[in-house]
Amino acid sequence: MATDRRRVEVKVRRVVVALDTASAPSEALEAAAGLARGLGAELVGLFVEDQRLLRFAELPFAQELGGATARAHPVNTADIERALKAHADRLRRLLSEAARSLDVPWTLAVARGQVVQAALEFAGIEDLLVMARARYLSVTVARPQAGQQFPSLRARTVAALFDGSPAAERALIVAHTLAQVAGCELAVIIPAAGPELFRARRIDAAEVLASRGGSAAAYVMVPGADPATVERAARAQRARVLLWPGGGREGAGKAVAALLADVSCPVVMIG
Amino acid sequence: MIEPLAADRLTHRCDPAVFRFATTAELGPLDDVIGQERAARAVDFGISIARDGYNLFVMGAPGSGKHTLVRRAISRRAERAERPSDWVYVNNFQTPHRPLALALPPGRGNALRRDMAKLVEELRGAIPAIFESDEYTARVEAIDAEFTERHERAFGALGAEAAEQKIALLRTPSGFSFAPVKDGEVMGPEEFAKLSEEEQARIESTIASLQGKLEKLVREVMRWRAERIERVKALNREMTLLAVGHLVDELKRGYQDLPKVVEYLEALQRDVLDHADDFRKQPEAPAALARLVQRDEPSLRRYEVNVLVDHSAPDGSPVVFADHPTYQNLTGRVDHIAQLGTLVTDFNLIKAGALHRANGGYLLIDATKLLNQPFAWEGLKRALTRKELRIESLAEMYSLVSTVSLEPEPIPLAAKVVLFGERYIYYLLQAYDPDFSKLFRVAADFSDDFDRSADTTETFARLVGTLASREQLLPLDRSAVARTVDFGSRYAGDGKKITARLQRITDLLTEADHVAREAGHAALSAEDIDRADAARRDRADRLRERVHEEILRGTLLIDTSGAKVGQVNGLSVLALGDYAFGGPTRITATTRLGEGQVIDIQREVELGGAIHSKGVLILSAFLAARYSGQRPHSLAASLVFEQTYSEVEGDSASLAELCALLSSLADAPIRQSLAVTGSINQLGEVQPIGGVNEKIEGFFDVCRARGLAGDQGVLIPAANIDHLMLRADVVAAAREGKFHVYAVSTVDQAIELLTGVPAGTPDVLGEGPQATINGRVAARLRDYSTVRRTWARPGARPGGPGRPRRLGGD
C-alpha cells in the first residue's frame, strides 16, 4: 500500500489519558505526558467515576473489602463519593507531577460512566486517547525515583501495530515521537499472513520512520491483529506502551474494552 | 693541737698534663655511659628477659644518662628483632559496635586497606552495572509478570464465578465489592427491592459466599507479595554474587594464609549481598549539605580498613617514647563526630595509643608524667595485667556522657614497658602500690656519680668530647677538659667522684662555648669554663649576695675575730634549686642548774627539723654520759641558731652546738675567727656532713670581705677531706697562710682549736684536770649536782637556810 509519506500528518490537540479506579495510572500518565511533550499538545486527564459503584453503594447490604487488609466493612453512597473524590485528587497530583516534569500544560476532567465509553465520548477527532491498563492489585513495590524522567519507559520499548493503514502510519509516527522523547526502543508489530506481506509492510514502516528521521526499530511479524496475539508480541518485546490504530470511534467500545482486558501496558488509540 | 690542712689537700685538681691530646676533636666518640655498669647490667637483663611482669623501672637523677643508655640497649636488641604484626580494625558485620581486630604480617595492614578500597571501588561500578543490565531487568519483569498473571488469573476466576451467578466483581478506590447484576448492569436499590425475598436472600447469601472467597484471595495475595519480594531479593543476591563473588574470591586467595582475614572477607561478601542497594545509590547532595547528611546515606565506610598499627618500615621492633602519657594517648581512644547535634562514631574512628604502637616492642615513659595524668597509671597497669589492649572510654566508664560508642575487640599485648623516674618515686610505688612490684620486677639504679680514677678521667675526657661534638660545640683543649673534670667532682660534692648528671656538664659546656665564641676562641679553654661557671653562679647569686651583705653591715651578727664564751660560728648551706651556697650562723649556748635538759629552742618553736633535734639529743646524751656518769646530770642548757627565722634541718651543726655548750660550761671563750661544721655522735666522734665546700667558701667570703687576718679558718670533719673541691681563691689563701681548714675527728680536737685550751682526758668519774676544758666542764657539772642534792633535802626552801648560795658558802 504505497502512500506519499510526506503527506502523512499527525495533528494532535490534546492527549487524553483516561483512568478509573481500576486503572494502573503511572505508566499511562508517563506515556501521555511524553506524547504531549513530543507532539506539542495539551495533557488532559479524564477520571471516570464508575457509575456502577454509586449504584451498588445504594444497596442495603453494600460492603467493601479492603484490598490491603482483606477486611469487609459496609459502605454507602457518601463513602463511595468521598473515596472517588480522594482518588481524583490523587490522580490530579500525579498528573501535575508528570506534566510539570516535562513542562506541558495540563487539565483534569471528571466524568461518570464506564471508562472506555466515557473516554471515547470525551476524546475529539484531533485528540490522542491513552487508555491505562486495568488491574486488580498492583504487584510491583513502588521505588522512589526522585527527579528521573520516564522511570518506567526509559530503556524499554514502545510498540506500534502496523497494518499499513493510514491510521497505522500515524500510530507509527506517534510511537516514533514517544520513543525519541522518552529514550525508548521502538518495536513495530506487523500482522501478516505470510513473509511477502510482512516484507512489504516492513518496507512501508521503514519508509515512514525514515521520513521522520528515524531508522532503528525491531520488526515483529504476527499472524493476526487480534488483541491477544498483539499483546503476546508486545509483551515479548517488553513493551511499556502499545500504539493501536483504532480506526473510527463509533462502535469501538467493546473492542477497546476487550483489548484492555488482555494487554499488560497502556494503549494509545489512534484514529 | 691539730694543724691546718695543707693547701693541696683542699682540692683535687685535675692536671691537664695527664691528657695526651691537644683538643677533644682528636678523640673518638664515646658510645658507652660511664660508671653505670650495674644499671647497664640491669637494663640488659630487663629488656632481654621475656617473662610477664619483667618490665623496667629505671631510676636515677635527671641527666644521669638513663635515657641514652636504655635507648642504646633497646636499639641494639630491637634492630635484630622481628617486626611485630600490623593491626587493623574492621567492621563486625554481625555486631557492628564490636569491631574486629585483625593481625597481619608487617606491611600487610596497609595492603589490606588498599585492597578493600579497590574492591569497594570495583563494586560501585560492577553492582549498578549488573542491576541495570537487560538480563536483570528481564528477570525482574518475568517475576512481576508471573505474579501479575497469578493475581489476574485468580481474580478473573473469582470474577467469572461471580458472573455466573449474576454478580459483578467491582474495583472500588480502596478495595473490592460484589454487586448483583441484571441485564449487564449493576442492580439499583429499587430493582433489588422488587425482587422476591427468596431471591434477595439468595443474592445476599451468594455475595457473602463470594466475599468469603475474595477475603481468602486477598490474604493469599499478601502472601504472594511477600513471596515476590523474596524472589526479587534472591535474584538480587544471585546477581550481586555474580559481581562480588569472583572479586572476593580473588582477595581470599591473596589472604589464604590468614584465616581470620578470610573469615572477614566471607562476612563482608554476605553483607554486600544483603546490602547491594547501598552500591546503587548515588548521593547527590551539595558538598556542604553532604557533610551534614553524610551519615544518613548508605555508608560504604563499613567496608574500609582502619590500619591501627603499621610496621611496614624495615626497622625491627618498635621503640616508642610516650611523651604525653595521658590515659587515651596510652591506651587508644574512639573518636566521635558531631552530626546534627549528636555524636556518632564507627570503627574507622578508633585511634591507636602508645601501647598499640609499642606492641611487640618497647614503650618508654617518664614516671612523673605518667603519674600526673589521671587514670593513666591505672590504665597502664590494667593493660599489663590483662596482657591485652582494650580501648575503654573514660567518659563512658564514669557515665559522663551517654552516647553510642564502640567496644573494639581487645588486642593481645606483648610490650616491654620502661619507666624512667627518680628514686623516691620507685620507693613510693614499692611501698604503696602492691601491683607495682608484680609488674615492674627489674629496677635499674643509675648512680649520681662515678669513681674518679686515671681511667675514668680519660674516659670522661672522651665523653666530654662526644658531648661537645653532639651539641656542635667547640672542642675542648686539655685545660678545659681538666677544669670540666674538676667541675664534675665539685658538682658531685666529692673530690674522688665525678658527677654522672651529664645534663649539667652539657649545660656548662654550652655556656662555655658561648663565652669562647664571643671571645673568638677556636677551642674551649679552662678560662672559658671558669667564666661560664662564674657567670652561672652570678646569675643565681642574688640571695647569697644579700645574706653576705647583711653580715658585713652587721645586721646579721657574725664575729670573725675575738673570742666569746658560749658562742660559735656554725655553718649552713642553703640550696635553691640547682644552686647552693653556704654561710656562717651564730650559735649560742647558755647553761645553768637543772635536771639534765638541753633545750633546743629551734625545736621548741617548731623551727627545727627531726634530724636537727636528733643531733641535739645526741650531744645531750654525750654530755650526760661523759660528765655525769656517777651523779645526777644537773644541767639545764639552751641552744639556739641566732637570727634564723625558718626551719633548721640537719645535724651538721651538732659539733658546733656541743662546742658552744662546752665553752659555756667551761667558761672558755671560743675564737670567733673560726667556724665549725660537723655532726657528733654519742661518743664524741665527729662525723661527715654534706656541702662542705659551700660552707667553707661561705665563711671564707665573709672573712675575706672583712680582711683576712691569718687566724681565720674552718673546722671540718676529717672524713670530709676527700670531698674538698674548694675554689682556687680559697686554696690560694690557705697556701699563703691567710685562711685555714682544720680536719677534726673528735670533739676534743675541735674544742681545743676553738678555745686554745687543752681538752684533757676525762677520768672514769668524768672529771679531768682543772686546766683542761673537760676538767672545767666536769667541775661545773659536779657543782650543779651538789647544789641540786642540797635543794633536794627536806625543808630546803628558796631564800631559807637551804639556799644554795649559803650552802656553797659553807
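Modeller: Let us begin with a salt bridge between the side chains of Asp748(B) and Arg626(B), whose N to O distance is 2.8 Å. A salt bridge here is a side-chain nitrogen of Lys or Arg within 4 Å of a carboxyl oxygen of Asp or Glu. The two partners come from distant parts of the chain, 122 residues apart: Asp748(B) sits in helix 27 of chain B, and Arg626(B) in helix 23 (residues 610–627) of chain B. Helices are DSSP runs of H or I with at least four residues and strands are runs of E with at least two, numbered from the N terminus.

A word on the background: this is a predicted model, in which local features need pLDDT of at least 70 and side-chain atom pairs count only at pLDDT 80 or more, while totals for chains, interfaces and linings use all residues. Residues are numbered from 1 along each chain as its sequence is written, chains are lettered from A and ligands numbered from 1 in the order in which they are written, and side-chain values use heavy atoms, with hydrogens and water left out.

Back to our pair: both Asp748(B) and Arg626(B) are buried. Buried means under 20% relative accessible area, exposed means over 50%, and partly exposed is in between (1.4 Å probe, protein chains only). Helix 27 of chain B, residues 747–755, is mostly covered, with seven of its nine residues buried. Besides Asp748(B), the buried ones include Val747(B), Ala750(B), Ile751(B) and Leu753(B). Just after this helix, Gly756(B) takes a positive phi of about 80 degrees.

In one of them, Glu227(B) meets Arg150(B), with the closest N and O atoms 3.4 Å apart. This pair also links distant parts of the chain, 77 residues apart: Glu227(B) is in helix 6 (residues 197–254) of chain B and Arg150(B) in helix 4 (residues 134–164) of chain B. Glu227(B) is partly exposed, at a relative accessible area of 27%. Another salt bridge joins Asp559(B) to Lys564(B), where the closest N and O atoms are 3.1 Å apart. With 36% relative accessibility, Lys564(B) counts as partly exposed. There is also a network of salt bridges, and among its members are Arg490(B), Asp541(B), Arg544(B) and Glu694(B).

Rings of Phe, Tyr and Trp (its six-membered ring) pair if their centres lie within 6.5 Å; planes under 30 degrees apart count as stacked, over 60 as edge-to-face and the rest as tilted. Phe45(B) and Tyr54(B) are edge-to-face, 6.1 Å centre to centre with 85 degrees between the planes. Phe45(B) is partly exposed at 41% relative accessible area, and Tyr54(B) is partly exposed at 22%. Phe450(B) and Phe460(B) have centres 6.1 Å apart and planes at 45 degrees, so that pair is tilted. Phe450(B) belongs to strand 18 (residues 449–451) of chain B and Phe460(B) to helix 17 (residues 454–470) of chain B, so the pair ties together parts that are 10 residues apart in sequence. Phe450(B) is buried, with a relative accessible area of 5%, and Phe460(B) is buried as well, at 0%.
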